[in-house]
Amino acid sequence: VVWVVEDAHHGGVNTVVALTNDHVVSGGRDGRVRVWLPEGCGMRMTASQKEHRGEVTHLALAPSEARVLSCSGDGSCILWLLPELERMYRLTAHTVFLGGSLLKSGEIVTVGSDGSLLVWDHLDGTLLADLPASNTPITTIAATPDDATIVTAGEDAVIKVWNWNKGRVTHEGQGHSGAVTKICISPSGDVLASVGKDGALLFWKIPSKKTAATNTS
């Protein structure tokens, strides 16, 4: 153990992301988003905001590390500027936001209770596209480093791989016996890890662009 922050959030900490400049962003059950910086033998809180009415359930860091997206149990989703944690805008839709990702291109993609994959403009948060992904809630989303492939999963226990240029599903994977709660893509962009309510940890090989193109045609 290097640092310990006692009572970082009232009621508990739900999610955390780390930046390469040593800053750490956390989201808690108290609805707060906070930024921390190592100082001496501990961590100093440099910013804190509470605009969510419910607990913060998910944080997504932009590849540039200049922005962070927070989702809350109250159904809201907010984009923040780092490191000062200044609110840029709030996303609004007829869904409870359960997960999101900030693409290298700047676009924001979110998933939620209505089973749709939503695409948002990075400048003002305007909804650009609403893509049906499932008849059940989608809880988690991840993107490859080059933005070419998006992967979604949720309560239907199906891993779906999207060709992002065409906006369509090219592959599906079934291995979990319960809802998928989290997915993560390796830095190389060719391996996916997934965990679910069935207690399983699965590793998947992400199809190459050539394979995806052949399958789509």
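In strand β14, Gly-154 is the bridge partner of Ile-138. This is a predicted model, in which local features need pLDDT of at least 70 and side-chain atom pairs count only at pLDDT 80 or more, while totals for chains, interfaces and linings use all residues. Residues are numbered from 1 along each chain as its sequence is written, and side-chain values use heavy atoms, with hydrogens and water left out.

Let's stay with that pair of strands. Strand β13 (residues 138–143) runs antiparallel to strand β14 (residues 149–154), and 5 bridges join them; two strands count as paired if DSSP finds at least two bridges between them. With 5 residues between them, β13 and β14 make a hairpin, and Asp-147 in its turn has a positive phi of about 70°.

Strand β9 (residues 97–102) and strand β10 (residues 108–112) pair in the antiparallel sense over 5 bridges. Gly-99 has Val-111 of β10 as its bridge partner. This hairpin has 5 residues between its strands, and Gly-106 takes a positive phi near 105°. β9 is mostly covered, with 5 of its 6 residues buried. Here, buried means under 20% relative accessible area, exposed means over 50%, and partly exposed lies in between (1.4 Å probe, protein chains only).

Now step back to the whole chain. Its secondary structure comes to 1 helix and 19 strands, where helices (H or I, at least four residues) and strands (E, at least two) are DSSP runs numbered from the N terminus. Of the 217 residues, 48% are buried. How does the radius of gyration fit a compact globule? For 217 residues such a globule would have a value near 17 Å, and the chain agrees, with 17 Å. That radius is taken over C-alpha atoms, and the globule rule is 2.2 Å times the number of residues to the power 0.38. Along the principal axes, the C-alpha atoms fill a box of roughly 55 × 40 × 30 Å.

Residues 49–80 are 0% helix and 53% strand, with end C-alpha atoms 10 Å apart. For residues 131–172 the figures are 0% helix and 60% strand, and the end C-alpha atoms are 16 Å apart.
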